[in-house]
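Please examine the sequence and the structure shown here.

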Amino acid sequence: MLDQNLSPDLPANLAKLGAGLDNVATFPPVEPSVPEPEEGKRRRYRTIWISDVHLGTKGCNAEMLIDFLDSTDSETMYLVGDIIDGWRLKKKFYWPASHNDIVWRILKRAKRGTRIVYIPGNHDEVVRPFCGMNFGDVEIRRAAFHDTADGRRLMVLHGDEFDTVMLTHRWLAFVGDTAYHLMMSLNEWVNKARKALGMPYWSLSKAAKHKVKNAVEFISKYEEIVARAAGERGVDGVVCGHIHTAEHRIFQHDGRDIEYWNDGDWVEGCNALVEHFDGRMEILHWPDEIAKRTDHAEEPARDESDARAVA
């Protein structure tokens with residue numbers, strides 16, 4: 001284990017990982033461009049899982065993730081892979097201030113005492129050689145095991161280990177990545193138009209994925225394979241990311257129920273998985289949470305206008 005006092009912060013060490021990430025050495029700044037709110041009650045959870053943020057790409061929904069980080073807190077946070085998109089950064093460096101703000105907030109949580117466990121995925125695989133080390137109070141692990149408050153043992157990993165395309169046709173994964181980011185660019189313009197019209201966030205790629213039969217079959221098979229792997233390891237369930245599809249399913253293995261949890265992503269669905277202090281787990285769809293909060297804030301104004309109308 002690397003002495004934390006010898007490792008000033010995670011970003012500084014990421015700069016050593018390859019020529020494609022050299023420019024990352026400049027972050028994070030002393031203070032974020034968007035300050036953390038000083039007031040307001042945060043939702044407290046025992047554990048939070050997020051993955052597939054894809055910092056370094058235009059598809060990252062940084063504004064919504066910052067809102068999530070400013071609205072929640074936890075004893076433990078798992079970063080379940082593809083937090084930084086090294087594939088895209090090697091092609092073209094893109095790092096706006098909002099991406100700095102996300103890194104700053106995560107490191108700030110670690111310094112406040114939150115246990116941060118970073119499990120690199122395939123897009124940030126350059127971090128994998130550092131598994132077993134700690135950088136800036138962030139633990140880097142190839143996989144982890146989590147014990148819930150009600151006694152279940154869950155395996156936590158990114159999940160690309162069970163993607164047949166990644167395992168057998170890696171070149172095809174890179175082609176698919178390029179096509180995916182083209183769709184993300186289109187998704188960005190679609191949601192700019194929807195926002196101008198006062199409409200809520202909507203994921204074009206997520207809708208397309210649910211319409212295409214092959215994509216649905218791939219997701220279903222992937223979930224089954226990952227759950228079976230968890231069952232073979234004798235645990236009660238698994239938490240993963242990778243396929244950008246938040247989900248909870250129950251599978252059978254040797255007569256036991258195996259829970260499959262996918263914490264989604266912050267490109268398409270903008271989801272997080274949380275554990276309450278009694279062990280209950282829940283998938284949060286953050287656009288819906290923002291909509292609920294907005295509706296709740298507008299209720300007093302509506303009630304006041306209704307009272308004037310009655311008077």
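Two strands are said to pair if DSSP finds at least two bridges between them; strands (E, at least two residues) and helices (H or I, at least four) are DSSP runs, numbered from the N terminus. The model is predicted, so local features need pLDDT of at least 70 and side-chain atom pairs count only at pLDDT 80 or more, while totals for chains, interfaces and linings use all residues. Residues are numbered from 1 along each chain as its sequence is written, and side-chain values use heavy atoms, without hydrogens and water.

Seven strands form an open, mixed sheet in the order β4-β5-β3-β2-β1-β11-β12. Its edges are β4 (134-135) and β12 (281-285), each of which pairs on one side only. Strand β11 (residues 271-275) is joined to β12 by five bridges in the antiparallel sense, and V274 has E282 in β12 as its bridge partner.

Elsewhere in the sheet, β1 and β2 run parallel and are joined by seven bridges; the partner of I48 is M77 in β2. Between these two strands the chain passes through α2, and this β-α-β crossover is right-handed, meaning that, with the strands pointing away from the viewer, the path from the first strand over the helix to the second runs clockwise. Seven of the eight residues of β2 are buried (under 20% relative accessible area, with a 1.4 Å probe and protein chains only).

Terms used: Buried means under 20% relative accessible area, exposed over 50%, partly exposed in between (1.4 Å probe, protein chains only).
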